[in-house]
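Subject: Handover of a structure

Dear colleague,

Please find below the structure that I am handing over to you. My findings follow it.

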Amino acid sequence: MKLGLENKVALVTAASKGIGFGTAKILAQEGCKVVMCSRSKDDIEKARDSISKSTHNDSVLALPADISLEGDLSHVLQESTKRFGSIDILAYNAGSPKVAAFLDLSDEDWNTAVRLLLLSAIWLAKGVIPAMREKKWGRLVFITSMTLKQPIRNLVLSNVVRLSIAGLSKDLSEEFGGDGITSNVIMQGNILTGRQRAITEDFAKRNAMTFEEAERARIREIPARRFGTVEEVGNTVAFLASEQASYINGASLLVDGGLVRSVL
Ligand SMILES: NC(=O)c1ccc[n+]([C@@H]2O[C@H](COP(=O)([O-])OP(=O)(O)OC[C@H]3O[C@@H](n4cnc5c(N)ncnc54)[C@H](OP(=O)(O)O)[C@@H]3O)[C@@H](O)[C@H]2O)c1
């Protein structure tokens with residue numbers, strides 16, 4: 001796809017692996033200047049090298065940062081601005097919260113999840129919106145989860161805390177829509193990543209199945225009869241960031257192969 005994103009500055013968080021990595025790769029392919037961050041310095045630098053090589057794009061900056069720490073995110077924004085100028089596209093992605101049932105969660109677990117899955121998005125939005133307003137152009141894309149539509153057992157932290165991102169995005173779409181900024185949410189289903197493989201392993205153990213049997217059973221539940229790819233999420237981010245999507249604002253979009261059965 002050529003979406004007219006050449007030289008736009010895109011920040012992708014939690015990006016050394018999985019969905020964040022796929023998103024950074026697609027945006028680099030589209031010609032964006034990409035800033036990518038996650039906690040491990042080694043992993044994010046390896047990810048940058050791999051993306052630069054496969055996309056022939058040298059404008060990729062890798063920064064170690066824990067998105068649940070406000071200071072780390074300020075540093076990312078400062079360094080990005082120094083290297084490429086202000087952020088045009090925020091592709092917000094997060095790490096995964098603890099998997100546990102409601103009664104097994106402590107206040108500390110809830111606090112940690114709020115920092116990881118909500119405050120991080122607020123800090124980033126606060127950091128990038130002022131320059132977007134000045135430019136009269138900006139794209140906020142919040143990659144969350146299908147748990148916004150349909151809770152998943154033992155993912156109570158995701159079910160509850162991530163839902164606030166839908167409210168945040170809707171609020172931002174209203175407040176800043178007149179400044180040429182759009183704000184949208186992606187709710188992805190089962191996307192094939194390391195985390196998804198771990199979920200299948202756990203499913204196999206709990207149901208006394210082999211990994212392959214568990215994978216087949218999980219795939220049977222998906223109308224598309226396969227897991228999604230990280231590039232399919234990245235392509236959706238790139239589309240929402242493009243001029244072609246300029247009238248999509250305040251939307252929450254499932255990218256799940258039909259997994260969520262609700263009509264609306
Ligand atoms: N895969 C799916 O099917 C699926 C479905 C719905 C929702 N999700 C959600 O989508 C997000 C991405 O999932 P994924 O499957 O791509 O995960 P993944 O393959 O495990 O990758 C997670 C990425 O996030 C980074 N990360 C983790 N904690 C971080 C933190 N505190 N600060 C900065 N970076 C952090 C990791 O690098 P470091 O460890 O080095 O920081 C890694 O790059 C997660 O929130 C997950 O819960 C995934």
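**Helix packing, domains and ligand shell**

The axes of helix α4 (residues 107–135) and helix α6 (residues 163–176) come within 11 Å and cross at roughly 15°. Axes here are lines fitted to C-alpha atoms, for helices over the stretch in contact, and angles run from 0 to 180 degrees between N-to-C directions. Helices are DSSP runs (H or I, at least four residues), numbered from the N terminus. α4 and α6 are therefore roughly parallel to each other; angles under 35 degrees count as roughly parallel, over 145 as roughly antiparallel, 65 to 115 as roughly perpendicular and the rest as oblique. The crossing of α4 with α6 is right-handed, where a crossing is left-handed if the near helix is turned anticlockwise from the far one by less than a right angle, and right-handed if clockwise.

This is a predicted model, in which local features need pLDDT of at least 70 and side-chain atom pairs count only at pLDDT 80 or more, while totals for chains, interfaces and linings use all residues. Residues are numbered from 1 along each chain as its sequence is written.

On the α1 side, Gly18, Ile19, Phe21, Gly22, Thr23, Lys25, Ile26 and Leu27 meet Val230, Glu231, Val233, Gly234, Asn235, Val237 and Ala238 of α9 (residues are in contact if their C-beta atoms, placed from the backbone, lie within 7 Å). This contact comprises eight nonpolar, five polar and two charged residues. In these classes, Ala, Val, Leu, Ile, Met, Phe, Trp, Tyr, Cys and Pro count as nonpolar, Asp, Glu, Lys and Arg as charged, and the others, Gly among them, as polar.

Thr200, Glu201, Phe203 and Ala204 of α7 make the contact with Phe211, Glu213, Ala214, Glu215 and Arg218 of α8. Four of the residues in this contact are nonpolar, one is polar and four are charged.

As to the domains, the protein chain is divided into domain 1 (9–191 + 228–255) and domain 2 (192–227), with bounds that come from an automatic or database domain assignment. Their C-alpha centres lie 26 Å apart. Ten residues from domain 1 and eight residues from domain 2 form the contact. The side of domain 1 that touches domain 2 has three nonpolar, six polar and one charged.

Finally, the ligand is surrounded by 28 residues, the closest being Ala14, Gly18, Arg39, Gly95 and Thr193 (a residue is near a molecule if its C-beta atom, placed from the backbone, lies within 6 Å of it). The shell holds eight nonpolar, 15 polar and five charged residues. Domain 1 and domain 2 both give residues to the shell around the ligand, so the ligand lies between them.

With kind regards

Notes. Contact = placed C-beta atoms within 7 Å. Helix = DSSP H or I, 4+ residues; strand = E, 2+ residues; numbered from the N terminus.
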